Amino acid sequence: MKSRETLIRLKRFQVDEKRRQVTQIEMMIAEFERMATELDREILTEQNRANVHDPAHYAYPTYAKAARQRRDNLMGSAGELKGQLDDAKAALAEAFEELKKVEILDERESARDRASDAAREQAEMDRIGLSRSGAYLGA
């Protein structure tokens, strides 16, 4: 009984840990996308200020070039994180399935234990009843 409870606690901990990992990756992706959006605004502002929108133009602002590169790097990192997110979600689903299997097994074993205890109690009650009825018959 104790080892089952320990196993269930371990599986719950694993599910919680996987859930935290998924949440952390989702937050990082959201942050990278927010930063990329902010860089897009800065790039547009810089292009409008310089009145040059073609990155190949010789007068294209240096800051806008650097910001575009940084934005592209952020979006690339967000893309890589999305792959990690898919893997983390799959690991979470697997951990959750393992937890459910252990919980179902525990419930079955507990039901079996309760049925066994009930059968023992009923047998004891039958024995007591028979012994009392024998005492009444003998009197």
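I first looked up the secondary structure: the protein holds two helices and zero strands, where helices (H or I, at least four residues) and strands (E, at least two) are DSSP runs numbered from the N terminus. I note that this is a predicted model, in which local features need pLDDT of at least 70, side-chain atom pairs count only at pLDDT 80 or more, and totals for chains, interfaces and linings use all residues. Residues are numbered from 1 along each chain as its sequence is written, and side-chain values use heavy atoms, with hydrogens and water left out.

I then checked the overall dimensions. The radius of gyration is 33 Å, whereas a compact globule of 139 residues would have one near 14 Å; the value is taken over C-alpha atoms, and the globule rule is 2.2 Å times the number of residues to the power 0.38. The C-alpha trace spans about 120 × 20 × 15 Å along its principal axes.

Of the contacts (heavy atoms within 4.5 Å) between residues at least 6 apart in sequence, 74% join residues at least 24 apart.

I located R132 in helix α2, residues 62-138. R132 has a relative accessible area of 54% and is therefore exposed.

Definitions and conventions. Buried means under 20% relative accessible area, exposed over 50%, partly exposed in between (1.4 Å probe, protein chains only).
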